[in-house]
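I opened this model to look up a handful of local features one after another. My notes follow in the order in which I made them.

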Amino acid sequence: MRFPCALGRGGLSRSKREGDGATPVSALALRRLWLRGDHGQRPPTGLPVRLIQADDGWCDAASHPRYNKPVRLPFRASHERMRRDDALYDLVIELGWNDRPVRRGRGSAIFMHVAKPGFSPTEGCVALNAKSLRRLAGRLGLETIVSIGLGPRKLRG
């Protein structure tokens, strides 16, 4: 299956840094699917599912001990809100970038999520239209690896 997608405004990078807007060139494992349960039904998937709550956030402050990890809001350090007012995070696949182990400043919150209209660039994530993302979720599991910028490969999983 092939789907059009949006990548980071900074293009692809082999040396991803926090705030550069680049999508990392890498083979990434999938960690879990985050879902806005009030904005649609749960898609079939082989991934663990976490329903997004009003107090869910993601720390993007490189100097904080919770860097590149989920946090509960309110949270004093820089963070992203997982429950957004737009539809971009209605369905989010958490990609295994810079998480095992976390390296300070190497980038955070690299997700696969819903694209903006017209597929405008992301802040470093991979974004697909909502219909494609829901369809793809049914083919994903913890054994799936997503290859970004590493040449022609098939999605495994």
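Is Asn98 buried or exposed? I found Asn98 buried, because its relative accessible area is 4%, where buried stands for under 20%, exposed for over 50% and partly exposed for what lies in between, with a 1.4 Å probe and protein chains only.

Before going further I noted the conventions. The model is predicted, so local features need pLDDT of at least 70 and side-chain atom pairs count only at pLDDT 80 or more, while totals for chains, interfaces and linings use all residues. Residues are numbered from 1 along each chain as its sequence is written, and side-chain values use heavy atoms, with hydrogens and water left out.

**Entry 1: backbone in the loops**

I placed Asn98 in the loop between E8 and E9, the strands (E, at least two residues) and helices (H or I, at least four) being DSSP runs numbered from the N terminus. Its phi is near 50°, a positive value in a residue other than glycine. In the loop between E8 and E9 I also found Ala109, which is not a glycine either and has a positive phi of about 55°; Ala109 counts as buried because its relative accessibility is 3%.

I then looked for cis peptide bonds. One joins Arg100 and Pro101, with omega about 10°, and Pro101 sits in the loop between E8 and E9. Another joins Leu73 and Pro74, with omega about 0°, and Pro74 belongs to the loop between E6 and E7.

**Entry 2: the E6-E5-E7 sheet and Asp56**

I traced an open sheet of three strands in the order E6-E5-E7, with antiparallel pairing, where two strands pair if DSSP finds at least two bridges between them. Strand E6 (70-72) and strand E7 (79-81) are the edges, and each has a single partner strand, so one side of each has no neighbour in the sheet. From one strand to the next the twist averages 40°, taken between N-to-C directions of axes fitted as lines to C-alpha atoms (for helices over the stretch in contact), on a scale from 0 to 180 degrees.

Strand E5 (residues 56-59) pairs with E6 in the antiparallel sense over three bridges. Within E5 I picked Asp56, which stands opposite Arg72 in E6. Which side chain does Asp56 join in a polar contact of 2.7 Å? I found that of Arg50, a polar contact being a pair of N or O atoms within 3.5 Å, of which, within protein, one must be able to donate a hydrogen and the other to accept it, while residues adjacent in sequence count only if both atoms are side-chain atoms. Asp56 is buried because its relative accessible area is 0%. Neighbours within four places in sequence aside, its contacts (heavy atoms within 4.5 Å) include Trp34, Val71, Glu80 and Arg83.

**Entry 3: Asp38**

Asp38 lies in the loop between strand E3 (26-35) and strand E4 (49-51). I call Asp38 partly exposed because its relative accessible area is 47%. Its side chain makes polar contacts with the side chains of Arg36, at 2.7 Å, and Arg83, at 2.8 Å.

**Entry 4: nonpolar cores**

A nonpolar core is a set of buried Ala, Val, Leu, Ile, Met, Phe, Trp, Tyr and Cys residues joined through side-chain atoms within 4.5 Å. The largest holds 20 residues, of which Leu30, Leu33, Ile93, Leu95, Met112 and Leu133 touch the most other members. Among the elements that each supply at least two residues to this core are strand E8 (91-95), strand E9 (111-114) and helix H1 (130-137), while E3 gives the most, with four. Apart from it lies another core, of ten residues, including Trp34, Ile52, Val92 and Cys125.

**Entry 5: cysteines**

How many disulfides does the rule give? I counted zero, a disulfide being a pair of cysteine sulfur atoms within 2.5 Å. The sulfur of Cys59 is 15 Å from the closest cysteine sulfur, in Cys125, and that is too far for a bond. For Cys125 the nearest cysteine sulfur is that of Cys5, 12 Å away. I noted Cys59 as buried because its relative accessibility is 0%, and Cys125 as buried because its value is 5%.
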